[in-house]
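Let's walk through this protein model together, one step at a time. Have the sequence and the 3D view ready.

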Amino acid sequence: MISLVFASAGPGAKYNLMPDNTKGVDIMIALDISGSMVNSYDFLPKNRLSVSKDLLRAFIQKRIYDRIGIVVFAGAAYLQSPLSSDRTALDELIEDTSNEDIEEQGTAIGDALVLSTYRLKNSEAKSKLIILLTDGVSNTGKLDPETAAYTSKSLGIKVYCIGIGKEEGQYEVNYESLQKISSDTSGKFFRAESPEVLGEVLNEIDRLEVVELPSKPLEIQETKFPSFVFFVFVFLFLNLILKIYPLKEKL
């Protein structure tokens, strides 16, 4: 009876066979943190940098299958984070970023591009891209944007340039250069003249750069039901034998 109860309970073990994970998208975010991103007043009540940081943090949380890295730049470009899947760390890094992180003044777009490209060159992801957010014109740095864009193109890296802010103002802008960078690398150029439009731009990039999601784990259940049924018949057979040939108690 005990063996029959165990057999009815469906004993066994479960095994999950993990499929080969589909590689996601490797993304480097190149964020302009120059003085113009803080001192412009077209994104009030916040400045351009604060709005960009808030929307980038929301964008990162959506890309759960991707690795993301961060480069910040002004008059020079610096790696803030290599490619990482740690959403918490990336969120904290962007939150703590400020225009005081870089002493060099100016806008080194070429340096930011080539540094981002260097961090992606060994990537084996299905898609590699750079999201460049800036509100200025490249006016300093060791490498010009055109040469940096050619390097990105040669490695199959798309560059999505986002020109932040309105054209009129105290700071010089060159959206034509940003558009050419995106066009040359098979990316796309966007203008973001308000926080709302910037949010829509990042949402569009999120829709454009998608990969097939990994398939679900295959669950296999190994049942031990036959073993317990076997013991049920063994015990029934023994019970039958004992009834036919009862054991006599020896006095």
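Which side chain makes a polar contact with the side chain of Asp 206? The partner is the side chain of Arg 63, at 2.7 Å; a polar contact here is a pair of N or O atoms within 3.5 Å, where within protein one must be able to donate a hydrogen and the other to accept it, and residues adjacent in sequence count only if both atoms are side-chain atoms.

A word on what you are looking at: this is a predicted model, in which local features need pLDDT of at least 70 and side-chain atom pairs count only at pLDDT 80 or more, while totals for chains, interfaces and linings use all residues. Residues are numbered from 1 along each chain as its sequence is written, and side-chain values use heavy atoms, with hydrogens and water left out.

Now back to Asp 206, which you will find in helix α8 (helices are DSSP runs of H or I with at least four residues, strands are runs of E with at least two, and both are numbered from the N terminus). Asp 206 counts as buried because its relative accessibility is 18%, and buried means under 20% relative accessible area with a 1.4 Å probe, protein chains only. Leaving aside residues up to four places away in sequence, Asp 206 touches Phe 59, Lys 62 and Arg 63, where contact means heavy atoms within 4.5 Å.

Next, find the open sheet of 6 strands, with the order β4-β3-β2-β5-β6-β7 and mixed pairing; two strands pair if DSSP finds at least two bridges between them. β4 (77–84) and β7 (189–192) stand at the edges with a single partner strand each, so one side of each has no neighbour in the sheet.

Technical notes
Buried < 20%, exposed > 50% of the residue type's maximum accessible area, 1.4 Å probe, protein only.
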